[in-house]
Amino acid sequence: MIKRVSVIGAGLIGSGWATLLATKGYEVSLYTDKKETLDKGIAKIKSYLEVMKNMNLVDKEPDYYMKNISPTLNMDEAIEGTDFVIEAIIEDYDAKKKVFSYLDEKLDKNVILSSSTSGLLMTEIQKAMKRYPERSVIAHPWNPPHLLPLVEIVPGEKTSQETLNVTKDFMEKLDRVVVVLKKEIPGFLGNRLAFALFREAVYLVDEGVATVEDIDKVMTAAIGLRWAFMGPFLTYHLGGGEGGLEYFFSRGFGYGANEWMHTLAKYDKFPYTGVVKAVQQMKEYSFIKGKSFQELSKWRDEKLFQIYKIVWGDKKQNSNGENNK
């Protein structure tokens with residue numbers, strides 16, 4: 001039974017995890033090795049909780065949930081008595097291997113070690129684990145983790161079925177929408193799909209077809225509205241009319257795409273010229289001018305909460321201080 005969770009890393013993802021866990025009534029130990037990072041993490045959590053309270057997603061004041069979180073600069077203190085570990089440090093194999101090797105040596109074999117990596121492979125990380133590599137798994141959230149419900153669970157070569165089952169069950173108790181990948185692949189599902197689109201967006205900017213602001217308008221005023229509640233397969237199934245997806249594919253691969261799909265971007269790294277143009281154009285992005293990162297983050301969170309409530313139901317975070325067991 002999971003009661004105490006150790007979050008290793010106090011950046012955006014670690015702070016989001018800690019926020020979610022605290023509102024669900026779990027004891028959370030939040031660790032990082034730099035005081036400045038830890039202080040910023042705690043400040044983020046308080047800000048997240050304030051937004052959640054304002055949006056009526058939690059019933060109590062932020063201080064009530066902050067009592068569930070124990071910040072620390074000591075790794076051993078962070079993992080003492082833990083039932084589940086969530087690693088949320090930088091996207092670097094060496095750094096993650098170092099953490100997993102240490103945790104594997106220190107913790108009982110029944111404690112699951114999960115990674116929040118956005119695209120690295122657990123099979124590679126497991127190479128640093130000498131005792132119980134079967135209890136390690138990827139549980140990739142989407143930013144911000146306390147808000148976006150998706151968690152992608154990805155096994156490594158040595159991950160046990162029991163580890164997958166326990167992790168899936170735990171994430172569902174946190175009211176996450178869980179997808180378990182059938183095979184390991186870099187980037188998993190979400191980021192591979194997102195970066196396929198982002199690659200094309202950078203290409204269009206680089207080619208001078210449109211500005212970053214206009215591309216964002218296309219996404220938010222059309223594609224994003226549909227994708228908020230249905231994915232590409234259902235979208236184009238309906239795009240095929242009464243004949244559905246089969247008819248959509250049969251009529252020239254939908255919207256005559258066979259005639260222009262060969263012109264899509266094919267590069268495997270962002271071109272320097274496209275990056276320079278995109279970065280420069282962001283400085284002229286009318287909506288964000290004069291707004292701080294904190295202001296934009298709060299605006300994003302409030303909008304996401306509103307959409308979440310419409311699409312996924314007006315289900316509040318568990319706020320009575322009891323675990324969803």
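**View 1. Buried residues of helix 2.** In helix 2, Leu 38, Gly 41, Ile 42, Ile 45, Tyr 48, Leu 49, Val 51 and Met 52 are buried (under 20% relative accessible area, 1.4 Å probe, protein chains only). Helices (H or I, at least four residues) and strands (E, at least two) are DSSP runs, numbered from the N terminus. The model is predicted: local features need pLDDT of at least 70, side-chain atom pairs count only at pLDDT 80 or more, and totals for chains, interfaces and linings use all residues. Residues are numbered from 1 along each chain as its sequence is written, and side-chain values use heavy atoms, with hydrogens and water left out.

**View 2. Surroundings and end of helix 2.** The buried residues of helix 2 pack against helix 1 (12-23), strand 2 (27-31), helix 3 (62-66), strand 3 (69-72) and helix 13 (293-312). Just after helix 2, Asn 56 has a positive phi of about 60°.

**View 3. Thr 32 in its loop.** Thr 32 lies in the loop between strand 2 and helix 2. Its relative accessible area is 10%, so Thr 32 is buried. Beyond its neighbours within four places in sequence, Thr 32 is in contact with Ala 10, Thr 37, Leu 38, Thr 72 and Leu 73 (contact: heavy atoms within 4.5 Å).

**View 4. The nonpolar cores.** The largest nonpolar core has 38 residues, and Leu 21, Leu 30, Ile 69, Phe 170 and Met 171 have the most contacts inside it. Helix 2 gives the most to this core, with six residues. A nonpolar core is a set of buried Ala, Val, Leu, Ile, Met, Phe, Trp, Tyr and Cys residues joined through side-chain atoms within 4.5 Å. A second, separate core of 19 residues includes Ile 79, Val 85, Leu 107 and Val 111.

Definitions and conventions: Buried < 20%, exposed > 50% of the residue type's maximum accessible area, 1.4 Å probe, protein only.
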